[in-house]
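Here is a report on a protein model, written to be read beside its sequence and coordinates. The headings follow the topics in turn.

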There are 2 protein chains.
Amino acid sequence: MAALRNGPKTEGKRAGGIDGPTNPMVTPLLTDLYQYTMAYAYWKAGKHNERAVFDLYFRKNPFGGEYTVFAGLEECIKLVANFRFTEDEIAFIRKSLPPSCEVGFYDYLRGIDCSDMEIHAISEGFVVFPKIPLMRVEGPVAVVQLLETPLANLINYASLVATNAARHRFVAGKDKLLLEFGLRRAQGPDGGIGASKYCYMGGFDATSNVAAGKLFGIPLRGTHSHAFVSSFMSPDEIIEKSLKSRDGSNVCEDFVSLVQTWLSKLKWSHISGGIFGETNQSELAAFISYALAFPENFLALVDTYDVMRSGIPNFCAVALALNDLGYKAVGIRLDSGDLAYLSSESRKFFRAIEKEFKMRDFGKTGITASNDLNEETLDALNKQGHEVDAFGIGTHLVTCYAQPALGVVFKLVEINNQPRIKLSEDVSKVSIPCKKRSFRLYGKEGYPLVDIMTGENEPPPKVGERILCRHPFNESKRAYVVPQRVEELMKCFWPGKSGKNREELQPIKLIRERCIDQLGQMRPDHMRRLNPTPYKVSVSAKLYDFIHFLWLNEAPVGELQ
Amino acid sequence: MAALRNGPKTEGKRAGGIDGPTNPMVTPLLTDLYQYTMAYAYWKAGKHNERAVFDLYFRKNPFGGEYTVFAGLEECIKLVANFRFTEDEIAFIRKSLPPSCEVGFYDYLRGIDCSDMEIHAISEGFVVFPKIPLMRVEGPVAVVQLLETPLANLINYASLVATNAARHRFVAGKDKLLLEFGLRRAQGPDGGIGASKYCYMGGFDATSNVAAGKLFGIPLRGTHSHAFVSSFMSPDEIIEKSLKSRDGSNVCEDFVSLVQTWLSKLKWSHISGGIFGETNQSELAAFISYALAFPENFLALVDTYDVMRSGIPNFCAVALALNDLGYKAVGIRLDSGDLAYLSSESRKFFRAIEKEFKMRDFGKTGITASNDLNEETLDALNKQGHEVDAFGIGTHLVTCYAQPALGVVFKLVEINNQPRIKLSEDVSKVSIPCKKRSFRLYGKEGYPLVDIMTGENEPPPKVGERILCRHPFNESKRAYVVPQRVEELMKCFWPGKSGKNREELQPIKLIRERCIDQLGQMRPDHMRRLNPTPYKVSVSAKLYDFIHFLWLNEAPVGELQ
């Protein structure tokens, strides 16, 4: 374990230079038992090497929206690249299957890897839509099946929480700093680590999660808690009171007194208007101590006792004292109460200080807000007007409170070159058969117009050429499109033995930029929170006809009695 | 990584014979950055070794209920027992803090462990209630703070999902088999692994998650998917058709023909009543292949095409053929449609076969149901009447869809023997100060009546002695209780250097039994789904007085203007 902790980036390096999954618990055992019972049944029937094609996709965008951010691909490729059984794992599978299972099966498992597999996928960070395959996984049916559960697991939450982050960013606006603070409320340790990674990807600026900072290079943020404030009694307990000025030219021997002088000035100044009397002394001591520790980074949580009567005056006294020594306070954090009102009142106070004491830019002192924020509260704050510069968002963001699961599925679409369809009485659950390609067609104004799926061997859509796009299941919904740009959606991220080029995995910062870029390219009516317009997803005329031929072929004919 | 995978149970063994956390990503870095900035500020102020007491508790039961199952303790103790920094981790912390931070701090971090800490906690699997500390963590303030985030993370989801499992069990009833099937929809890999562990603890019988089966010894279940069914074309493709009888006395050379004979018998028998014509041949092939692989464990998913017209007749034909060879089919799984209706119709068909073909117990063939089940759908099924024996529950269970987060908090209640209180305009958020003990008081009928918190040094409640139990914040709510049994809730799970006995961590099976036992002991009106009665949580008269003394002391006095 120590080895792992000291070098996770190199430790897992095994296949083709691709590291293992971030979480070492992602092994070939992280799957449903039925994948092994099926693998055995395939093997027993001599079918295990039949070439199968599975599509991984979802059926409905989350959060009542009309878009989803695709995330989690890198972890999938890391699993695939390193997919091999240890003897210990094989022994456990053997113990878990009936004793009647033949031992040859375990020899077969011993030889399994993903070298005979091909994975095409949409690039991580893309905006994606229902029914369009996010990944197309092709290979020996038994091995592909083993991957179903982990691939769904790795994509489901990643895409869900990245989408949630993008939605929060959309409401907060581009100019706000967004901080992910969710670790303590996340669904388990890597619910937290995954949240930090994918919220950053979806457009957040930083996280409080140190482990995620280390693993993924995400910027870290954090100051202090209420407990820090209440752990102090009074400024009397501060022993080391000196603070060197920022430029090192002089030392203030009693910073505590300097703060107290400022507090007194503030109290008797007309700007305080008598709103505060004696401020809380444990809070004052905590703020002074924090400033002594971090004179360059003084940011204080001001709501432990009373924001306007204690927290703000205490903060300002410390900030003004720091200013005397050439330091500039970073700002405050509000973690309770009416954030619109308190941020506006704080801003007024900061501005009054700027004016009264000729303190340049003090009015712009940063205000961070937290406390159970979500899309709705951000929207409400915008409507009321507020003065918050940065939002710290936790529970609702990381647990995806508004919708805690995305329904990614993994469906067989072809085996031995035979297209397969999964029927259902619920039309939205019918799968789209065939090994397919998919394309995004762009219109004159640069917006994506429609995604279209075609059979693998159909000629792809061409710029400037009219093409019929059909709804896969509703015969009356169709439209001709003359694309101004055609973008093939899936690239080969795992070529196996095919000889194709392997698309490189990209650093998270690039994926994040792509994601922000893609979100910005969408037509605004697809993105709005209320009644967004669905983005169109279609199939080619040829694929449409084939789907319906296969459907009629497979569905039993009823007999009315 | 391979080493970890081959021997996770011994690999992490480091401190006092206690393994490291199940997830090796649970390290001292799995915390919020502000825990480190605070640690630095404490260290800089010379306050880092001040003795602090923190309580970990939640404020409101989840899912609209009136109880919670406490889970996650073992992982916390594993973290605490192995809490030490690697050089790599210290280097990262140094990189993450401002360069002005003094190097002495990193030497201090190098020496940190939890040997000077004491942790009292309620035993895992206990039924617990709001405000009562689940854990009381005592030690040097800087170190205890570092633990805040991971302890909250490890307890929050564990307790939430264990409670969710207990609630599902309550609705399903004691005699049903409950299977956790959530891995693919869980919030990340150990969202899945944690779900499997804690759902089992909360009363489920088994999981589909192989990794969780290996890590925790949880029974595993699983059969096959829709893809398995549609991967076959027709029985013609089955090459190896022979099956030995169960007792080994003879071999059926053409099991496919035997099944087809039975299918024909069924079709023309009056029991089928013309409900089916030609059944789906790919499904029939899949069922036969699965039976050939698992003659002792034949369980078939019967809804790929049409349950009553194809799945059930195909299943029965295979089951009857197996029966000819001495095998007994396990049953069917339904994964879509009207589960009440389909299970009842399937049961009727099984009973008709039992009667028609004198097939003993065929009517009792197992019926498993899955498909987006939750408390509500289980309740609706019960009201409609159904014939399901086992439920496979995934998404709603593991993501805790009805409420995806529990609000566990970690509050400072004492430092340097000085009690501390955290005020809030919202009374429910005011913390209960002091290092405390807590007790569960039982009444005559054996039910728990009330939990009471007392100061550490107060005489504990005694059997047969009247004691006043007060609501902590509402002065009019109080009651005298004469307990028939008094149970101290917290035990010492981490004695540090105190010399106290360390309470042993128990195997998950024992914790699960205790949990089921505890749930069974509760007065039924606390447990019901609709309008349950809140369980009473109280403080001693002495603690009540002290809370209110401290409250008045800390709260600023307003000035009306």
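## Aromatic pairs

Over all chains, a search of the whole structure finds 42 aromatic pairs. Rings of Phe, Tyr and Trp (its six-membered ring) pair if their centres lie within 6.5 Å; planes under 30 degrees apart are stacked, over 60 edge-to-face, and the rest tilted. One of the pairs joins Y42(A) and F228(B). Their centres are 5.0 Å apart, with 50 degrees between the planes, a tilted arrangement. This pair crosses between chains: Y42(A) sits in helix α3 of chain A, and F228(B) in helix α10 (residues 226-230) of chain B. Helices (H or I, at least four residues) and strands (E, at least two) are DSSP runs, numbered from the N terminus.

The model is predicted: local features need pLDDT of at least 70, side-chain atom pairs count only at pLDDT 80 or more, and totals for chains, interfaces and linings use all residues. Residues are numbered from 1 along each chain as its sequence is written, chains are lettered from A and ligands numbered from 1 in the order written, and side-chain values use heavy atoms, leaving out hydrogens and water.

## The interface of chains A and B

In chain A, 123 residues are in contact with 122 residues of chain B; contact means heavy atoms within 4.5 Å. The buried area between the two chains is about 10,600 Å². Buried area is the accessible area (1.4 Å probe) that two parts lose on being put together, summed over both. Carbon and sulfur atoms give 60% of it.

Eight salt bridges cross between chain A and chain B. A salt bridge is a side-chain nitrogen of Lys or Arg within 4 Å of a carboxyl oxygen of Asp or Glu. K214(B) forms a salt bridge with D88(A), with the closest N and O atoms 2.6 Å apart. Helix α3 (residues 33-44) of chain A gives the largest share of the side of chain A that touches chain B, 10 residues.

## A salt bridge within chain A

The structure holds 73 salt bridges over all chains. One of them joins E387(A) and R347(A), at 3.0 Å, N to O. E387(A) lies in the loop between α15 (375-384) and β13 (390-393), and R347(A) in helix α14 (residues 339-356), so the pair ties together parts of chain A that are 40 residues apart in sequence.

## Annotated domains of chain A

An unreviewed UniProt entry annotates residues 29-156 of chain A as "domain: Nicotinate phosphoribosyltransferase N-terminal". UniProt positions are given in the numbering used here, feature names are shortened, and annotations may be inferred rather than shown by experiment. Residues 29-156 are 43% helix and 17% strand, with end C-alpha atoms 18 Å apart.

UniProt (unreviewed entry) places "domain: Nicotinate phosphoribosyltransferase C-terminal" at residues 435-546 of chain A. Residues 435-546 are 21% helix and 33% strand, and their end C-alpha atoms lie 12 Å apart.
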